[in-house]
Amino acid sequence: MKKIRPILFLSIVALFCLQACETFEPVALDDSALLDGPVAGLSAAEHIQFLKGDASFNNQIFISSNGLGPLFVATSCGSCHAGDGKGHPFTTLTRFGQTNESGNQFLKLGGPQLQHRSVPGFTPEQIPAGATFSKFTPPANTGLGFLDAVSDSDILLFSDPNDLNGDGISGVPNWVELKAYVMPRDGSVVQNGKYIGRFGKKAATYNLLQQTAQAYNQDIGITSTFEPTDTYTGVEIDPEISNQEIQDVVFYLKTLKAPIPRQANTDVLAGKQLFLNVGCGNCHRQEMKTTNTSIQSLSNKVFYPYTDLLLHDMGSGLDDGYTEGSAKTSEWRTPPLWGLGLSKNSQGGKYFLLHDGRAKSIEEAIRLHGGEGTKSKESFESLPAGEKKKLISFLDSL
Amino acid sequence: MKGFLLSALVLITTSLWSQVDSTLFRRANKDTSKLLLNMDAVYNRPFLSVGKTPVALGGYVEANWQHLGTDGLTEGHQFQMKRLTLFVASGISRRIKFLSEIEFEGGTKEINIEFASIDFEFHPLVNFRGGIMMNPIGAFNQNHDGPKWEFIDRPTSATQLLPATWSNVGFGIYGKKYSNNWAYAYELYLTNGFDDQIISNAQNKTYLPATKLNRDRFEESFNGEPLITAKIALRNKKVGELGVSYMGGVYNKFQMDGLTLDKKRRVDVWALDFNTVLPFLKTYLVGEWAFVNVDVPDTYTQQYGNKQSGGFLDVVQPVIRRNIFNFNKSVVNVVCRLEYVDWNVGKFKETGGNISEDFVSMVPGISWRPTPLTVLRLNYRYNWTTDILGNPPSKTAGFQFGFSSYF
């Protein structure tokens, strides 16, 4: 019996390890605490493509031997969008050379984007003399497929270029020229040969294919059949990434879930009402809906991004003297506020808000609103401290 | 390589056949008369000789099961053949000896010659070694055999911050001196070195082991500059061993065909190692700490850090020494390993904030040594991995069970 005891003990330990092993492993965070993960309802085939895109976006590291640079900003997609959230000043982009809708005057001098890093042996770019510039903090990726699937007509419904309702808020689309490889959506509205842009700080990017191909090219120095020009030499070279990989990443970005709001307590609900009362919701529109798309899970859905995808004059304080498309230098696209409270989890535990990360808190970001946002900012400032706190709690819960 | 494998196969076949008469075997006696240091580990292994041949064979094998999960996701049950290592040693003459070590990792995913050197003893203080050798940086690289350790995974700081096991072709000298309870030793080698993959790799961080992907490094230096590795160590019979080691050289290709490509950029590594047995409790402590400095171009990216540091501490407490399952004098240990690596020491140029990219690990466990040459290990691993920005860490944890044994 004595000899059997150790065997019994070891057997029990082994069974315990096998049965209980997952109990001793870290648990998954609640879905509402994470920005990544797919939209619900994807098919198995769509899951496979999502995973391929996920691997390319988050795991593919570029080095000299697979195409990095020679001039670049970051070495992977994930470097700028940790956990699919907002970026950090470490990978902030700098764009330069355009002051009005006549286009970028510095394309031959490295515009529109500064590649301020280079592989060994090469010299990185510098902003040319006389060029104005703006810094862009990388945005969160989540819910982009929903924004992509909003109809142009819905966006135009939010637009009020002549402020006919007299609320001090106009809101105009950024009308942009399409790149040759970009196919317009069904039902696209065209004005003087230009289309409504909806991605990027200035809404100068039409869709996620353009966003992805340009980011590979301008941020990492990777050429593709879509963007074949090497940012260092300015000449077309062989593609350094396949069309399939780019399409997988586009699919991944399209099918990332929308951020899930958290902490719907009474303060948050009160804060939401205050948000609407002070007029924030006039630009940061709560609700949108998608049209039919090729991805069933994204079709005909109501969602809550807190944006109108339109440009607004934000005043001289946020005017860097640089622009894209038909936007004026003081105009910025209303950034979606969904996922705002999770920004710190991708920005190293701190907030870097507004287009260039200058605001270190939600409250500071509100205070830096000018132009069309002035009235709402003043309304916010006039709130008692407790109500301000509730409004911030609401924004933090998104 | 093929010839070597064929010879090894013939010897193994011979030994299998000769099992008919076990008197043909003899265990090579280990030298226990003197104080042994980590530098002696390469020869301080159980070897088996066949008959009166001067050749001795040995090796070890490691396999394990694990179930690890990261932030709620798991790959499930994994069975791993970590490594199979074969040693062949030969006493060519009384003061000339040869030893080779071939390692198969992950099945046959990696096959490496880790050691293949001839040692000439001119004087106890002057020995010449030439061939493929393990650079004596830290202690783990010299003394890494699985059966000597109570943990299934090798220390991250030793295998990823330092590139153990790290072998190169070269030459050098070493020597030892004994004085009462003390042993003093030195080693100095010139070998081929690193290449620019240490700052250009799929890990997206400064990563010295990336050079091991260069298959040409055993026959061609990347830049023609030798890597210097030097170590001094001292051991006291009652206190333990302390080692200080340095490894440094140029890692980049600064010129080609007479054309200048870049300035010479250096990698410099310092390591401290120690081991001791506490009196009374007989607790065995072994640890190592390393500092890595790499000249990364300012115009490159801070993703690749120019300073790194990290180390580990193993605490091994024997709790049972008795006959278990008829294994006389078997030992059960309660063990714990603490690990820390900062892959990128410094501040962001953009914000002045701390660059994170840290790894912290705690591995409690139990090991059972039925014989000194064999160990069964049950570990529970918990890792915290923080990205470069300092976002909330990714957590990995789970159980591992496996064995490692000389044969």
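Residues are numbered from 1 along each chain as its sequence is written, and chains are lettered from A, with ligands numbered from 1, in the order in which they are written. Because the model is predicted, local features need pLDDT of at least 70 and side-chain atom pairs count only at pLDDT 80 or more, whereas totals for chains, interfaces and linings use all residues.

**View 1. Chain A as a whole.** Chain A holds 11 helices and 11 strands, where helices (H or I, at least four residues) and strands (E, at least two) are DSSP runs numbered from the N terminus. The radius of gyration of chain A, 23 Å, is close to the 21 Å that the globule rule gives for 398 residues, so chain A is as compact as a globular protein of that length; this radius is taken over C-alpha atoms, and the rule is 2.2 Å times the number of residues to the power 0.38. Along the principal axes, the C-alpha trace of chain A spans about 90 × 60 × 40 Å.

**View 2. Helix α7 of chain A.** Helix α7(A) covers residues 243-255 and reaches 18 Å from its first C-alpha to its last, close to the 18 Å expected at 1.5 Å a residue, the expected span being 1.5 Å times one less than the number of residues. Since 10 of the 13 residues of α7(A) are buried, this helix is largely enclosed by the rest of the structure. Among the buried residues are Ile246(A), Val249(A), Phe251(A) and Leu253(A), and also Glu245(A), Asp248(A) and Lys254(A). The cover over the buried residues of α7(A) includes α2 (44-59), α3 (77-80), α4 (144-148) and α6 (208-220) of chain A.

**View 3. The loop residue Gly221(A).** Gly221(A) lies in the loop between α6 and α7 of chain A, and with 26 C-beta neighbours inside 10 Å it counts as buried. Leaving aside residues up to four places away in sequence, Gly221(A) touches Gly67(A), Leu68(A), Gly69(A), Pro70(A), Leu71(A), Phe72(A), Gln115(A) and Thr231(A), a contact being a pair of residues whose C-beta atoms, placed from the backbone, lie within 7 Å. Leu147(A), by comparison, is 74 residues from Gly221(A) in sequence and 27 Å from it in space, C-alpha to C-alpha.

**View 4. A three-stranded sheet in chain A.** Three strands of chain A form an open sheet in the order β5-β7-β6, with antiparallel pairing. The strands β5 (174-176) and β6 (190-191) of chain A stand at the edges, each with a single partner strand, so one side of each is left without a neighbour in the sheet. β6(A) and β7(A) (residues 194-197) pair over two bridges, and two strands count as paired if DSSP finds at least two bridges between them. Within β7(A), Lys194(A) is the bridge partner of Gln191(A).

**View 5. Where chains A and B touch.** In this view, 34 residues of chain A are in contact with 38 residues of chain B. On the side of chain A that touches chain B, α1 (4-20) and β3 (117-118) of chain A each supply at least two residues. The residues on that side divide into 16 nonpolar, 15 polar and three charged; here Ala, Val, Leu, Ile, Met, Phe, Trp, Tyr, Cys and Pro count as nonpolar, Asp, Glu, Lys and Arg as charged, and the others, Gly among them, as polar.

**View 6. Neighbouring strands in chain B.** Chain B has two helices and 20 strands. Its strands β4 (residues 73-93) and β5 (residues 96-105) run antiparallel and are joined by 10 bridges, forming a hairpin with two residues between them. Thr85(B) has Glu103(B) in β5(B) as its bridge partner. β5(B) also pairs in the antiparallel sense with β6(B) (residues 110-123), over 10 bridges, and Phe104(B) stands opposite Ile111(B) in β6(B). The hairpin of β5(B) and β6(B) has four residues between the strands, and in it Gly106(B) takes a positive phi near 55°.

Technical notes
Two residues are in contact if their C-beta atoms, placed from the backbone, lie within 7 Å. A residue is buried if 20 or more other C-beta atoms lie within 10 Å of its own, exposed if 12 or fewer, and partly exposed in between; C-beta atoms are placed from the backbone.
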